[in-house]
Every structure is written in C-alpha cells, then in structure tokens.
Amino acid sequence: MTGTAVSFAGLDWAVVGLYFIANTAICVWCALMKEKNTEDYFLASRSAGWILIGSSIFASNIGAEHLIGLAGSGADSGVAFAHWELHSYLVLVLGWVFAPFYLRAKIFTTPEFLEKRYTPATRTVLSVIFLVSYILTKASVTIFAGAFAIQTILGYQHVDLPLLGETDFFWFAAFSLVIITGVFVVLGGMKSVLWTEAMHVPVLLAGSTVLLFVGLNAIGGMDALRAANPETMHLWRPLSTTPETQGFPGFLFDPSSTPWLGVLLCSPIIGLWYWCTDQYIVQRVLTGKSLKESRRGTIFAAYLKLTPLFIFLLPGMIAVALYKQGAPGFESIGDNPQGAFPVLVSSLLPVGLRGLVLAGMLSALMSALASLFNSTATLFTVDFYKRLRPQSSEKHLVNVGRLATAGVIVLGMLWIPFLQDLGKGQLYTYLQLVQSLLAPSIAAVFMLGIFSNGVTPKSGLVGISTGFVLGMLRLIFQATHEMYGIEWPGFIQTLVDINWLYFSFLLFVFTCLVIFAVSMVTPKAPPEQIAGITYKTATAAQLAEERDGYGFWEIFHTVVIVGIIVWIYIYFW
C-alpha cells in the first residue's frame, strides 16, 4: 500500500481481525439454519427477542451519516442537528402506536400495510419510492462515507492489487465494504443481520465512548468545549439570522439550516416517517415473537438512540476545538469538517484503541449496509416478484430474495464512481434535505390511514403520489438553482427559496388537504377492509392483546427516556 498511513500496530489489527472472525462465525451459523420460507429468510421466523430487535433498530440507524455526516455537522454547526438524534420519543411511538397495527396485519413490508388500508397501487408507489431512495441515498451515503472514513483513518491513498496494479484506496475500501457485507446478508438472511447487529452495538458504543472521553480530556473537559464553541452549543437557533428575513413572511426564507420554528414543525414529520413507516426500520419490529417483545425492543432502541449526540456529534465539536487550539493533525478540519471523526481516531488514540474504534466504525457501516440490502431485497421479492408470480414456492422466493440482494449489491457498486462528489458537502445535511422531501407524503398517508376511518382508498394513492412528485420537483429545482445558478420564474423560485424545513411542513399539510379533499368525492373503504387496522375498528380482543403487551416496567422506562430527552433539551438550551 502507498500513502501516509497511520501506524496500526499488531494489537489494532488483532482487534479488527477478531471482529471479522466473529462476523463470519455468526454468518456461517445462520447460513446452516436452512430457511424454509420467506418468513424465515426476511423476518427471522418472527421469533426475535427484545435485545435483538432493539440492537438491530439502533445499528440499522447508525450508519455513515453518523460516523461522518453527524460528526461533520457537529464540527460545522454544533449541536443544532441533535434534534434528529433526540427522536427516541418517536422510536417509542413506533412501539406503542404503530407496532400493534403492523403485527396485527401480519405484513412483511410497510407498503403491504398500505395495500390493506388503501389500494394495491398505493403499495406499488411506496415500494418504488423506497427502492429508489434506498439506492440513491442510503446506499450512496453509506458506501461513500465508509470508504472515506477507512481511507482517512488508515491514511492510504493507493493500494497495489494483484492483476489490477495500483488502485485508488477509496474505491478498494468501498468495493470491499459492499462485497463483504453482501456475502453475509445473502448467506444468512435476516437472522444473520439481527445477530451480527447485536454484536456490533457494544463494539460501536465502546469504541465511540472511548474516543469521546479521550477527546474531552485532550481539550480540558466540557467547560473547555463550551468555551471553544460558544455559539454552537445551543439546540434552538434564531428564527432569522439576517436583517432581510425578519418578520413575516421573511423568516420563511431565512438561509439558516435549523431555525427553531422550522425544527419544531418539521423534525417530527421526518422522524415519524423514518422511525414509524420506513421498511428499513420497521422490518426489525416485524421479527418480534410477540407484541411485548417488539415493544420492549423499541424501548431498548430508544435508550440507545440517546447516545449519538454524545458519541458522534460532540466529538465533531471536539475536533473543531482542537483545530482552534492548533493541535497537530487537525489542520484539515478547517477546510473539511466532514473528516472530524476519522481525524480524531487517527490523531488521538493510542495503539490498540485505534483498532477498537475502527472495528466499531466497520460495525456501524456494515450494519447499515446489511439492513439496507435485506430490506431492499424484501421489498423487491414481496412487493413485486411475489405479486407478479403468486404461484411461486416459498423456496423459490427465498432464492429470489438472495438474487435480489446480490442485485442491490451490484447497483451499489455501480453507484460508487458517482459518490466522491458527495464529499464536497455535508453528508448529514444532504441526507436530511432529501428525507425532508420524501417524508411528508408518506407520513401523512400512514398517519391518516390509521387514525381516520374517513379517508378513502383512492385518497391514499393520490396523496402519496402528489406529495412525492412535488417533493422531487422541489429537489430538481433547488439542485439546478444551486449547481447551475438557474433562476426559475416567479412562484417556482419562491418555493425554491423557502427554508427546507418550512417547505417540508407545508408539503405535509398540503398532502393532508389533498387526502381529505379526495376522500370527500370518492367511495369509502368497506368495513371489512379496514377492520382491525385503524384505531376505531380494533376489536375488544385486539385491544386486550395490546394491553397484555405492556406492564409497569414498559411504562417506567418510557417515562425515563422522555425525562432524559427533556434534560438534554434543558442542558443544551
């Protein structure tokens, strides 16, 4: 290998090697447990306990956007984006509100729930949205950031490969991540994903926590961190940051990325979509052996979700503090805050701990990719292939799922050459922007579908389609305006100039109005179609089953989590 490599000692490589050995052992064990049907392969036989469910939810969420993107956002703008990391309360909403309906409906995918509540076409539209967005956002961001992090920590620019000669190390790391993770998922299915993610979580938390304390020690503690970042230690940012955006309607066009009102209105919408409707997360809840286990899994995940503020975002701010202090090795932070986390690893940690943190980073990256591959294969197999060929045997569908996983791997690899352009901006901000345009219509359709008997089957299709098209138009108009300086005529440019958070909220409201309007002129769903999948149609037996799904400890821990969130908001006010 060539380049200025960080000195990784034998102990570091031993830690990383043990991590891969453990991963491989779990994968082989899961592969030997032959899947009899799609429920085995995609939902781990619906037999998972709360520890596996909670670990998998958290590990699926903690991907590249946290290791690189969130730490980079912390370095660039402080704790403002922690609002999205305090969505533990929405993980609780998944367990307490949405899980009973999903488990009751015996679904494989969340689009399948929309078919039961609305129409088959609604299911198809959401499946297409998920598949495209997974490949273009989750896959691209995870692969790019993983390769970027590994390259930065190890310091290699090129690698000499047999037959291929000298190759860009970024590409080598990216291809390796995709292929290794893909093999685990193809062979082991959902069981492999659940068990490896349960192993990943303690490794990730241990490595990142060590980095946090080493970093705080290097700058002199939390007081020194506050002194180095006096303007960015506050969660709530001003409504307007420039004189020309003061008052109404000027604040709607404020260029600030996180005005307090925008966060208050939009953050729950994005969180509701991601935590309560996205197949990527919900599939873990569907693996539960009972409602109680699934709910406990979400409570465990909600506890874990409290940690990213401290183990990823604060280290990004620590990197800035060390840069301001002139610490050696941190010179690049001024021009590239996205490199904050890997620079901390390569500059601060001693021998042995570097290997632990690298193993933790690989854990997070591979967990995110594994979840992505498995969820995408589930969507393709269940929502498309099985519907086109309903006579297919269960064994055949499992094999199709494996081929679909391989197909996603190939698409991820083909996307790699386009990824390095993403490094020019903040990954976390980029991801939140795209999600803010996808979330409103999906959140509206699910929320109204469950809470209202009055919304009609056709309204769901019209609502989700309208909201998605408008969101993508805004993305296209904004991208062309920012990249090529195109000024769009009149009202279009006005929509482009609206702060992204306010636009997302307005899109959510507009989608709800469209659903209500269509419901007024289209036939309602017959009672048998929505029986048990809306709040007002739940039977006495179903409500009794739901009450059996919780007790004192579930309520106690839910209150504790909410209390911790309130404390964090007060501390970083």
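This is a predicted model: local features need pLDDT of at least 70, side-chain atom pairs count only at pLDDT 80 or more; totals for chains, interfaces and linings use all residues.
Numbering runs from 1 along each chain as its sequence is written, and side-chain values use heavy atoms, with hydrogens and water left out.

Helix H15 is residues 340–348, helix H16 residues 353–388. Their packing angle is about 155°, and the axes are 9 Å apart. Helices here are DSSP runs (H or I, at least four residues). Axes are lines fitted to C-alpha atoms over the stretch in contact, with angles from 0 to 180 degrees between N-to-C directions.

Who meets whom? From H15, Phe341, Val345 and Ser346; from H16, Arg354, Val357 and Met361. Contact means heavy atoms within 4.5 Å. By class, that contact has 4 nonpolar, 1 polar and 1 charged residues.

Now the core. The largest nonpolar core has 165 residues. Such a core joins buried Ala, Val, Leu, Ile, Met, Phe, Trp, Tyr and Cys residues through side-chain atoms within 4.5 Å. Buried means under 20% relative accessible area, with a 1.4 Å probe and protein chains only. Phe98, Tyr102 and Phe113 have the most contacts inside this core. Helix H9, residues 169–219, gives the most to it, with 21 residues.

Stay with H9. Ala174 is found there. Ala174 is buried, at 0% relative accessible area. Its C-alpha atom is 8.4 Å from that of Phe148, 26 residues apart along the chain.

Notes
Buried means under 20% relative accessible area, exposed over 50%, partly exposed in between (1.4 Å probe, protein chains only). Helices (H or I, at least four residues) and strands (E, at least two) are DSSP runs, numbered from the N terminus. Ala, Val, Leu, Ile, Met, Phe, Trp, Tyr, Cys and Pro count as nonpolar, Asp, Glu, Lys and Arg as charged, and the others, Gly among them, as polar.
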